[in-house]
Amino acid sequence: MNEQALSVRDAIISRRSIKNFNGQPVDPENIAEMLEDAAWAPNHGNRNPWRFVVAADKEYVKFLDILREYGVPKWKELSEEDLEKQMKKFTGPGAVAFVIVPEDARQKERLEDYAAASMFIQNTQLLAWDKGIGTCWKTPGFLDNPKFREELGVKQGERIISMLQFGYFDEIPKARSRKPLNEIVTYYGRDSEEV
Ligand SMILES: Cc1cc2nc3c(=O)[nH]c(=O)nc-3n(C[C@H](O)[C@H](O)[C@H](O)COP(=O)(O)O)c2cc1C
């Protein structure tokens with residue numbers, strides 16, 4: 001049975017960042033489908049300023065060794081129990097996509113490319129939400145670690161802007177409210193009292 005897709009508005013409003021994934025694997029084909037669709041994000045000059053290193057399902061389980069090495073400082077000194085606790089942030093998701101963006105020497109292009117890749121990521125997050133898959137954009141410090149970059153084949157002049165985690169979840173976290181519109185919008189040519 002094909003469940004009805006969320007409306008764009010519902011997807012935007014109801015999506016939450018998931019930090020408590022339940023360990024279920026994520027099918028790589030699902031990831032490929034989302035990335036293909038998300039690539040319709042606007043991007044200036046059609047530069048397509050993004051590429052991805054994806055680990056999903058069985059390959060994600062293998063990749064956990066790399067995440068332990070770079071993501072759990074001093075893991076060798078931890079007890080098995082503490083290590084397992086620390087690793088929860090990596091063992092919970094079922095897949096990951098590292099989002100790699102060129103760092104153009106020109107500031108305007110660099111900002112445009114980061115903005116476009118961010119839209120790609122949000123598209124992916126919304127498409128995933130619609131499939132019942134949770135995501136979280138993470139920016140741990142090790143993304144800039146030269147050895148980690150080398151492990152992923154990231155070249156000079158590129159930056160990993162996101163560790164985008166995918167996975168299934170049992171609970172939707174409570175939303176943190178956003179600032180009300182009257183705090184973030186002023187209408188040109190109107191008194192502040194007027195709407
Ligand atoms: C650029 C960016 C970087 C983020 N980095 C992290 C991170 O390193 N760790 C984390 O737990 N969440 C990270 N997040 C997720 C935000 O904390 C999350 O979006 C926020 O909690 C709002 O929750 P919501 O997405 O459910 O509305 C990041 C989000 C963005 C947009």
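This is a predicted model: local features need pLDDT of at least 70, side-chain atom pairs count only at pLDDT 80 or more; totals for chains, interfaces and linings use all residues.
Figure 1. Strands of a sheet pair through backbone hydrogen bonds, in either a parallel or an antiparallel manner.

Figure 2. Met-163 has its place in strand β4. Because its relative accessibility is 2%, under the 20% limit, Met-163 counts as buried. Leaving aside residues up to four places away in sequence, Met-163 touches Leu-67, Phe-90, Val-96, Ala-97, Phe-98, Cys-136, Trp-137, Lys-138, Pro-140, Phe-142 and Leu-143. One of these contacts, Ala-97, is 66 residues from Met-163 in sequence, yet the C-alpha atoms of the two residues are 6.0 Å apart in space.

Figure 3. Asp-65 and Arg-68 form a salt bridge in which the closest N and O atoms are 3.5 Å apart. Both residues belong to helix α3 (residues 57–71), where they are three residues apart, or about one turn of the helix. Asp-65 counts as partly exposed, with a relative accessibility of 45%. Arg-68 also counts as partly exposed, at 22% relative accessibility. Side chains of opposite charge can pair when their charged atoms come close.

Figure 4. Lys-108 forms a salt bridge with Glu-112, with 2.6 Å between the closest N and O atoms. The two residues lie in helix α5 (residues 107–130), four residues apart, which is about one turn of the helix. Lys-108 counts as partly exposed, its relative accessibility being 49%. This pair is part of a network of salt bridges that links Arg-47, Lys-108, Glu-112 and Asp-113.

Figure 5. Asp-144 and Arg-159 form a salt bridge, the closest N and O atoms being 3.0 Å apart. The pair links distant parts of the chain, with Asp-144 in the loop between β3 and α6 (146–152) and Arg-159 in strand β4, 15 residues apart. Asp-144 is partly exposed, with a relative accessible area of 38%. Arg-159 is likewise partly exposed, with a value of 35%. In total, the structure holds eleven salt bridges.

Figure 6. Val-8, Ile-12 and Ile-13 make a nonpolar surface patch of about 290 Å². Ile-12, one of the residues in this patch, lies in helix α1 (residues 8–14). The relative accessible area of Ile-12 is 44%, so this residue is partly exposed and passes the limit of over 30% that patch residues must meet.

**Figure 7. The chain as a setting for the close-up views.** The chain has seven helices and four strands. Read from the N terminus, its elements follow the order α-α-β-α-α-β-α-β-α-β-α. The C-alpha atoms fill a box of roughly 60 × 45 × 35 Å along the principal axes. Of the 195 residues in the chain, 37% are buried. Among contacts between residues at least 6 apart in sequence, 79% join residues at least 24 apart. The chain exposes about 13,000 Å², of which carbon and sulfur atoms supply 50%.

Notes
Residues are numbered from 1 along each chain as its sequence is written. Side-chain values use heavy atoms; hydrogens and water are left out. Patches are made of residues with over 30% relative accessible area and no salt bridge: like charges are joined within 9 Å, nonpolar side chains (Val, Leu, Ile, Met, Phe, Trp, Tyr) within 5 Å. Accessible areas come from the Shrake-Rupley method with a 1.4 Å probe; for residues, only the protein chains shown count as cover. A salt bridge is a side-chain nitrogen of Lys or Arg within 4 Å of a carboxyl oxygen of Asp or Glu. Buried means under 20% relative accessible area, exposed over 50%, partly exposed in between (1.4 Å probe, protein chains only). Contact means heavy atoms within 4.5 Å.
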